[in-house]
Amino acid sequence: MFKRLISAALVFGMAAIAPPAQAQTCAPREVIVERLKHQFDESLSSAGLQKGRPVDVIVEIWSSQGSGTFTVLLSHPTGLSCLVASGQHYFIVPEHDRRNDPAS
């Protein structure tokens, strides 16, 4: 019984301290922006300020009209940016459709 208890504690303890399956990638903003521009032909599409604790961050959406790719960044005041999400088939919702959306 004692061996099972120790084994279970080790397994669950290791799982608790394991890195997340999809860890954020962070680097100086200039490095990430350069890569987005040159490797993916993306440009800044929209951004906004996210108030937070301990600091506020800028949420940026970069996209490419040609390839349809997009990237979501969180940029910190320290100059560090972190990739939060990326994908394909990015599109912009026309203003007319946003006004007629029953959910808004």
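Predicted model: local features only at pLDDT ≥ 70, side-chain atom pairs only at ≥ 80, totals over all residues.
The chain has 104 residues, and 18% of them are buried. Here's the tour, from the overall layout down to single side chains.

**Overall layout**

- The chain carries 3 helices and 5 strands.
- Going along the sequence, the elements follow the pattern α-β-α-β-β-β-β-α.
- Take the contacts with a separation of 6 or more: residues 24 or more positions apart account for 31% of them.

- E2 and E3 run antiparallel and are joined by 7 bridges. One of the residues to look at here is Ser-46, whose bridge partner in E3 is Ile-61.
- The link from E2 to E3 is a hairpin, made through 6 residues.
- E4 (residues 70-75) pairs with E5 over 6 bridges, again in the antiparallel sense. Leu-74 has Cys-82 of E5 as its bridge partner, and that cysteine turns up again in the next group.

**The disulfide**

- A disulfide is, in general, a covalent bond between the sulfur atoms of two cysteines.
- Which cysteines form a disulfide here? Cys-26 and Cys-82 do, with their sulfur atoms 2.0 Å apart. That is within the 2.5 Å cut-off for the sulfur pair, and the count by this rule comes to 1 disulfide.
- The two ends sit in distant parts of the chain, 56 residues apart: Cys-26 is in strand E1 (residues 25-28) and Cys-82 is in strand E5 (residues 80-87).
- The link of Cys-26 and Cys-82 is right-handed, with 105 degrees about the S-S bond.
- Are the two cysteines buried or exposed? Cys-82 counts as buried because its relative accessibility is 5%, under the 20% limit. Cys-26 comes out at 37%, so it counts as partly exposed.

**Salt bridges**

- The structure holds 2 salt bridges.
- One of them joins the side chains of Arg-29 and Glu-60, at 2.8 Å from N to O. Arg-29 lies in helix H2 (residues 29-40) and Glu-60 in strand E3 (residues 57-63), so this pair ties together parts that are 31 residues apart in sequence.
- For burial, Glu-60 has 3% relative accessibility, so it counts as buried. Arg-29 is at 29% and therefore counts as partly exposed.
- Asp-56 and Lys-51 also meet through their side chains in a salt bridge, at 3.7 Å from N to O.
- Lys-51 is exposed, with a relative accessible area of 65%, while Asp-56 counts as partly exposed because its relative accessibility is 27%.

- Where does Ser-64 lie? This serine is in the loop between E3 and E4.
- Why does Ser-64 count as buried? Its relative accessible area is 4%, and the limit for buried is under 20%.
- The side chain of Ser-64 reaches the backbone oxygen of Asp-41 at 3.4 Å.
- Ser-64 also makes a polar contact with Ser-67, side chain to side chain, at 3.2 Å.
- Leaving out neighbours within four places in sequence, Ser-64 is in contact with Phe-40, Asp-41, Glu-42 and Thr-69.

Terms used:
Residues numbered from 1 in each chain as written. Heavy atoms only, no water. Helix = DSSP H or I, 4+ residues; strand = E, 2+ residues; numbered from the N terminus. Buried < 20%, exposed > 50% of the residue type's maximum accessible area, 1.4 Å probe, protein only. Salt bridge = Lys/Arg side-chain N within 4 Å of Asp/Glu carboxyl O. Pairing = 2+ DSSP bridges. Polar contact = N/O pair within 3.5 Å; in protein donor to acceptor, adjacent residues only side chain to side chain. Contact = heavy atoms within 4.5 Å.
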